[in-house]
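Here are my notes for a colleague who is opening this entry for the first time. They are set out as numbered points, to be read with the structure in view.

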2 protein chains.
Amino acid sequence: MSVQVESLLPGDAFDQNCPTRVVLDHVTSKWAVLVLVALLEDGETRFSALRRRVGGVSEKMLAQTLRTLEADGFLSRRVVPATPPQVSYALTDLGRGITEHLAGLVGWINARIPEVESIRRAGRPDPGARSA
Amino acid sequence: MSVQVESLLPGDAFDQNCPTRVVLDHVTSKWAVLVLVALLEDGETRFSALRRRVGGVSEKMLAQTLRTLEADGFLSRRVVPATPPQVSYALTDLGRGITEHLAGLVGWINARIPEVESIRRAGRPDPGARSA
């Protein structure tokens with residue numbers, strides 16, 4: 001009973017024992033970010049098209065990422081009758097909510113990368129002096 | 001010269017050769033997300049306080065995360081004269097911009113974790129049937 005009550009409370013990602021940490025890890029993996037944002041931009045997408053869209057992802061990593069995101073309720077999976085059968089994926093309402101934040105993040109990085117790159121190229125003056 | 005011109009173009013995180021990928025990896029590491037959001041919420045923070053705030057982070061991982069984020073231009077580092085000297089960190093304007101998206105993400109997860117957890121607990125009906 002107390003578990004039931006606790007599970008309705010909001011989480012605290014700063015607490016290492018909070019289940020939010022697991023979900024944060026799932027959605028911030030490189031492939032998850034890109035898969036979710038691709039589905040937000042493109043709508044329902046077949047596995048093969050998703051693999052072409054997300055540059056560099058392997059079939060295995062894509063399948064694993066999709067399974068994790070489906071288990072968390074962020075996307076739905078549909079088998080499209082065809083020969084051979086096609087599998088397609090789409091965001092759920094829950095997935096759309098979280099992905100809006102990720103799309104904002106990716107959009108920000110895409111837009112500001114020249115500035116970040118110029119800072120990174122300028123380099124750090126003295127790495128030896130920076131241990132905290 | 002062509003490098004100079006190219007570097008002013010926006011990025012494309014779906015392209016595996018785009019430098020956005022490196023920055024995306026940096027800011028979506030578990031510790032980076034939490035460190036950035038902590039600095040947005042708390043303002044300038046000393047290393048030791050940051051370590052207590054971000055549950056579970058080791059001294060080594062925190063130092064490494066801070067160095068990476070500083071090199072990307074997202075945070076600044078200041079040595080506070082004291083005995084022993086203290087080191088403190090704060091978001092730059094650039095860092096504040098990207099962190100607003102991460103704070104939205106963490107806030108969403110904190111708020112919706114009960115719903116995600118109930119979906120995860122319900123489980124997937126037949127893992128064997130789901131290979132893509």
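This is a predicted model: local features need pLDDT of at least 70, side-chain atom pairs count only at pLDDT 80 or more; totals for chains, interfaces and linings use all residues.

1. In the largest nonpolar core, which has 72 residues, A:Val27 is one of four residues that touch the most other members, alongside A:Phe74, B:Val27 and B:Phe74. In soluble globular proteins, nonpolar side chains tend to be buried together.

2. How is chain A built overall? Its secondary structure comprises 6 helices and 3 strands, and from the N terminus these elements follow the order α-α-α-β-α-α-β-β-α. Chain A has 132 residues, of which 44% count as buried, and its accessible surface is about 6,600 Å², with 52% of that belonging to carbon and sulfur atoms. If one takes the contacts in chain A between residues at least 6 apart in sequence, 44% of them join residues at least 24 apart.

3. The strands of chain A form an open sheet of 3 strands in the order β1-β3-β2, with antiparallel pairing. Because β1 (45–46) and β2 (75–80) stand at the edges and each has a single partner strand, one side of each is left without a neighbour in the sheet. Strand β2(A) is joined to β3(A), residues 86–91, by 6 bridges, and the two run antiparallel; within this pair, A:Val80 has A:Gln86 in β3(A) as its bridge partner. Helix α3 of chain A, residues 30–42, packs on the sheet and touches β1, β2 and β3 of chain A, its direction making about 90 degrees with that of β3(A).

4. Which residues bring α3(A) together with helix α2 (residues 20–28) of chain A? The contact involves A:His26, A:Val27 and A:Thr28 from α2(A), and A:Lys30, A:Ala32, A:Val33 and A:Leu36 from α3(A). The two helices pack at an angle of about 70 degrees, with their axes 5 Å apart, and α2(A) is therefore roughly perpendicular to α3(A).

5. Helix α3(A) also meets helix α6 of chain A, residues 93–122, and here the axes come within 9 Å and cross at roughly 105 degrees; these two helices are therefore roughly perpendicular to each other as well. On the α3(A) side the contact is made by A:Val33, A:Leu36, A:Val37 and A:Leu40, while α6(A) contributes A:Arg96, A:Thr99, A:Glu100, A:Leu102, A:Ala103 and A:Val106.

6. A:Leu36 deserves a paragraph to itself, since this residue of helix α3 in chain A has 0% relative accessibility and therefore counts as buried. Apart from neighbours within four places in sequence, A:Leu36 is in contact with A:Val27, A:Leu69, A:Phe74, A:Leu91, A:Thr99 and A:Leu102. The C-alpha atoms of A:Leu36 and A:Leu75 are 8.4 Å apart in space, although the two residues are 39 residues apart in sequence.

7. Turning to chain B, the reader will find an open sheet of 3 strands, with the order β1-β3-β2 and antiparallel pairing. The edge strands of this sheet are β1 (45–46) and β2 of chain B, each of which pairs on one side only. Strands β2 (residues 75–80) and β3 (residues 86–91) of chain B run antiparallel and are joined by 6 bridges, with B:Arg78 standing opposite B:Ser88 in β3(B). A hairpin of 5 residues leads from β2(B) to β3(B).

How values were computed:
Residues are numbered from 1 along each chain as its sequence is written. Chains are lettered from A and ligands numbered from 1 in the order in which they are written. Side-chain values use heavy atoms; hydrogens and water are left out. Helices (H or I, at least four residues) and strands (E, at least two) are DSSP runs, numbered from the N terminus. Buried means under 20% relative accessible area, exposed over 50%, partly exposed in between (1.4 Å probe, protein chains only). Contact means heavy atoms within 4.5 Å. Accessible areas come from the Shrake-Rupley method with a 1.4 Å probe; for residues, only the protein chains shown count as cover. A nonpolar core is a set of buried Ala, Val, Leu, Ile, Met, Phe, Trp, Tyr and Cys residues joined through side-chain atoms within 4.5 Å. Two strands pair if DSSP finds at least two bridges between them. Axes are lines fitted to C-alpha atoms, for helices over the stretch in contact, and angles run from 0 to 180 degrees between N-to-C directions. Angles under 35 degrees count as roughly parallel, over 145 as roughly antiparallel, 65 to 115 as roughly perpendicular and the rest as oblique.
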